[in-house]
Amino acid sequence: MKIDFAPLEIPLQRRLQTAAVAQWVFSFIALAPLCIFLFIFLLFTRFWLISVLYAVWWFYDYDTPARGGQRVPFLCGLKIWDYMRDYFPVKLVKTADLDPRENYVLGFHPHGVLVAGAFTNFCTYATGFRELFPGLTSYMLMLPLWFRSPFFRNYIMCAGLIPSDKESASYPLRKRGVGNAVVIAVGGAPEALDAHPGTYNVLLAQKKGFIKMAMENGAHLVPVFSFGENEVFDQVDNKRGTWLRWTQERLQSIMGISLPLFHARGIFQYSFGLMPYRRPIHTVVGRAIQVQRNEKPTAEELDAVHQLYMDELSKLFDEHKENYGVDKDTHLNFV
């Protein structure tokens, strides 16, 4: 295989962009297990007290992720995230105002491999979420598994990430007044297995938990579609029914996380590696769907709001797809 090496003369700005994305990919792939290893390793060295003191703090701080986390605005506004934004680049597109006197549940589609658009837009200040939607605070959901990793849990909470279990996800909507936006990558880990360039499969047909949460808390629903999210990585062919897909789905059901076999480019060459391609991501935030508080919705009421949400997401996709390189005859496929 011919390797396409990066040229030696690359502007410093582009090198910084690559470095920013490299640390982000490393964080998602390897930082959690590395933190677990470090925590255990320190116990058998003269620095054992670090792990012991952290364990004491962890016990005291155990419920913090379920209570809205502990965002650190300074870290969310670091220059490194501007470099990450410009690498693809990522852009947040507003279609309507969101009243800061209300709470919202933002359904993010599609999940992609590593939710690059969701993280950049809603966990950092790089794309201007605070300026576009003044008065709103975003909380992005992540699998509870990651909050069980020492040290790593604090790292992800700094960005406003909170666990995706019902109690944790509902906390900002119930306990933090108004002006809160809970961001959910609705398709979750299973949808990552469908994240192939040029595909528009959305795992939503049977996903109603986030709808119910919005109804129970009187939070308005907002569909969000991230054009280009599936384009930044290639993935090994894993069509439904193949042995690879069966294995991936079995592992996902056991571990709670999916294992897409993705690849793209490297740091010093463009032929292979785990770095994403430099392809634009446009995350379009739709209009709010008004939801009345209903603490015990019936199945019929839930289905009605779910159908309305799917209709609004389809409408959002169709209205903007041609602006971002999608053929006019392409439509969302709800799985």
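Is Asp318 buried, exposed or partly exposed? Select it to find out: Asp318 has a relative accessible area of 32% and is therefore partly exposed. The model on screen is a predicted one, and the tour starts from this residue.

**Stop 1**

Lys321 is buried, because its relative accessible area is 3% and the cut-off for buried is under 20%.

**Stop 2: Arg287 and Glu319**

Now select Glu319 together with Arg287. These two form a salt bridge in which the closest N and O atoms are 3.6 Å apart. Arg287 sits in the loop between β10 (281-285) and α12 (299-320), and Glu319 belongs to helix α12, so the pair ties together parts that are 32 residues apart in sequence. Both ends fall in the partly exposed class: Arg287 has a relative accessible area of 35%, and Glu319 has 41%.

**Stop 3: Arg174 and Glu167**

Go to Arg174 and Glu167. The salt bridge here has its closest N and O atoms 3.0 Å apart. Arg174 is partly exposed at 38% relative accessibility, whereas Glu167 is exposed at 53%.

**Stop 4: a network of salt bridges**

Select Lys79, Asp82, Arg85 and Asp86. Salt bridges link these four residues in a network. The count of salt bridges for the model comes to 17.

**Stop 5: the largest pocket**

Select His111, Leu143, Trp146, Gly188 and Ala189. Of the 37 residues that line the largest pocket, these lie nearest its centre. The elements that give two or more residues to the lining are α1 (12-42), β3 (137-142), α8 (166-175), β5 (180-185), α9 (188-192) and α10 (209-217). Coloured by class, its lining shows 26 nonpolar, 7 polar and 4 charged residues.

**Stop 6: the nonpolar patch**

Switch to a surface display and select Ile36, Ile40, Leu43, Phe44, Trp48, Leu49, Val52, Leu53 and Val56. Together they form a nonpolar patch on the surface, with about 860 Å² of accessible area. The elements that give two or more residues to this patch are α1 and α2 (48-60). Helix α2 gives the most, with 5 residues. Val52 is a patch member and lies in helix α2. Its relative accessibility is 32%, so Val52 counts as partly exposed.

**Stop 7**

Move to Leu34, in helix α1. Leu34 is partly exposed, with a relative accessible area of 42%.

**Stop 8**

The largest cavity holds about 40 Å³ of space. To display its lining, select Pro110, Thr199, Tyr200, Phe225, Ser226, Phe227, Gly228, Glu229, Asn230 and Glu231. By class, these residues divide into 4 nonpolar, 4 polar and 2 charged.

A cis peptide bond joins the two, with omega at about -15°. Pro110 is placed in the loop between β2 (104-109) and α5 (116-122). Another cis peptide bond joins Phe88 and Pro89, where omega is about 0°. Pro89 lies in the loop between α4 (79-87) and β1 (90-94).

**Stop 8: two positive phi angles**

Which backbone angle of Val115 is positive, although the residue is not a glycine? It is phi, at about 40°. Val115 is found in the loop between β2 and α5, and it counts as buried at 6% relative accessibility.

Finish at Phe151, in the loop between β3 and α7 (152-157). Phi of Phe151 is also positive, near 70°, in a residue other than glycine. With 22% relative accessibility, Phe151 counts as partly exposed.

Terms used: Residues numbered from 1 in each chain as written. Predicted model: local features only at pLDDT ≥ 70, side-chain atom pairs only at ≥ 80, totals over all residues. Heavy atoms only, no water. 1 Å grid on protein atoms, 1.4 Å probe; cavity = no way out; pocket = protein on both sides within 12 Å on 5 of 7 lines; lining within 4 Å. Helix = DSSP H or I, 4+ residues; strand = E, 2+ residues; numbered from the N terminus. Nonpolar A, V, L, I, M, F, W, Y, C, P; charged D, E, K, R; others polar. Patch = residues over 30% accessible without salt bridge, like charges linked within 9 Å, V, L, I, M, F, W, Y side chains within 5 Å. Areas by Shrake-Rupley, 256 points an atom, 1.4 Å probe, with all protein chains shown as cover. Salt bridge = Lys/Arg side-chain N within 4 Å of Asp/Glu carboxyl O. Buried < 20%, exposed > 50% of the residue type's maximum accessible area, 1.4 Å probe, protein only. Points joined across faces, edges and corners; volume = space filled by probe spheres on them.
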